[in-house]
Amino acid sequence: EPDTVYWQNFGHTSSLLQVGRVMLGFFYIFVALALWVLVFYAPYAWSVFSFNYDNGQQPGAIYSIVFSMVVVVGNAMMYEVCARVSDSVQYRFKDSRETTYMLLYTIACSFNIMLDFVTTYFTTWEIIKGLHFRTYHGTPIHEIGSFTDRFESYAMQRVLAENTYRYAFPSTYLIPFILEPIITIAVPLKIGQIIVRTHPELQGKQAEELLAAPAMEMGRYADLILNLILGVMIFWFPGGWTHQLFFGLAVSHIYIYLFDHMRVLRTIPTCTFASMDVDWWSQVALIPLCSMVLACCIFKA
């Protein structure tokens, strides 16, 4: 379809150049991830690590709020970087750009999740050692040698399960989607109104473009796949958080569906997609999720 063709990218690009730009894009994603870690995540991790846990004290509500904001900022950074990388590849067709964005965003946010869990694991290990925790059988926690025994200890399972829940809800499942209509619709519209009102020379098509919402894109596939990854991860841990996480997932996805329904009917000027490429690749991205479910079953057995 003509609306899905990037005419400006014809004539000065090739498949080899596009592959090189994707590889360079991974470098930019790594830099953004490192920036997020150093500027946002490291201060939070250090504050949790240095908290005084004597007499069973636990970090207060402010720590949960800060953690939610750290996760939201990380996801937003990956969103922006992956979108710009996908544009820089200079695809000739919109469907190829959307597919690349969906895969890059899923991979980048998965790195965020893995980094968070690795950091949480080592931080928790040092904390429970300092508090002289013991296993169910009375063995001091610092005497446990194997990773499996450490991972299966109650203290570690409890903290990792809670961290999974906090990362998922509301940090990933709800807050970004509550902010989305403000950031992507209300704020750009208000800015466009100010520009058009203060610049009378902008008329006709130029004024319309400043006041119109952006066309529909397929980034929602990546959002939902990321939500599913966090949902499946809860199966590695005790069931105390499972029903709460999936209840939060259900409520959040109902809101997402209603928001997208209203956005398509009342805000989005056009929806034009010429192929099923994004949908097909999203099914491929679900393959690791199925393998994770199987791995959880084997681990629990």
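Author: Start with a definition: a salt bridge is a side-chain nitrogen of Lys or Arg within 4 Å of a carboxyl oxygen of Asp or Glu. This is a predicted model, where local features need pLDDT of at least 70 and side-chain atom pairs count only at pLDDT 80 or more, while totals for chains, interfaces and linings use all residues. Residues are numbered from 1 along each chain as its sequence is written, and side-chain values use heavy atoms, with hydrogens and water left out.

Reader: How many salt bridges does the structure hold?

Author: Side chains of opposite charge can pair when their charged atoms come close. The structure holds nine salt bridges. Take R97 and D87: their side chains meet in one, at 2.9 Å from N to O.

Reader: Which helices do R97 and D87 lie in?

Author: Helices are DSSP runs (H or I, at least four residues), numbered from the N terminus. R97 lies in helix α3 and D87 in helix α2 (residues 61-88), so the pair ties together parts that are ten residues apart in sequence.

Reader: Is R97 buried or exposed?

Author: Buried means under 20% relative accessible area, exposed over 50%, and partly exposed in between (1.4 Å probe, protein chains only). R97 counts as buried, at 11% relative accessibility. D87 counts as partly exposed, at 44%.

Reader: Where do E162 and R166 lie?

Author: Both lie in helix α5 (residues 154-172), four residues apart, about one turn of the helix. The side chains of E162 and R166 meet in a salt bridge at 3.8 Å, N to O. E162 is partly exposed at 32% relative accessibility. R166 is partly exposed at 31%.

Reader: Which residue forms a salt bridge with D260?

Author: R263 does, and the closest N and O atoms are 3.1 Å apart. D260 and R263 are three residues apart in helix α9 (residues 242-266), so about one helical turn separates them. Both D260 and R263 are buried. They also belong to a network of salt bridges that links E180, R220, D223, D260 and R263.

Reader: What describes a pair of aromatic rings?

Author: The distance of the centres and the angle of the planes describe it. Rings of Phe, Tyr and Trp (its six-membered ring) pair if their centres lie within 6.5 Å; planes under 30 degrees apart count as stacked, over 60 as edge-to-face and the rest as tilted. The structure holds 21 aromatic pairs. One of them is F147 with F151, which is stacked: 5.8 Å centre to centre, with 25 degrees between the planes.

Reader: Where do F147 and F151 lie?

Author: Both lie in helix α4 (residues 147-152), four residues apart, about one turn of the helix. F147 counts as exposed, at 52% relative accessibility. F151 counts as buried, at 13%. F151 also pairs with F299, edge-to-face, at 5.7 Å centre to centre and 70 degrees between the planes. F151 lies in helix α4 and F299 in helix α11 (residues 287-300), so this pair ties together parts that are 148 residues apart in sequence. F299 is partly exposed, with a relative accessible area of 26%.

Reader: Which residues form one aromatic cluster?

Author: Y121, F122, F147, F151, W236, F237 and F299 form it.

Note on methods: Helix = DSSP H or I, 4+ residues; strand = E, 2+ residues; numbered from the N terminus.
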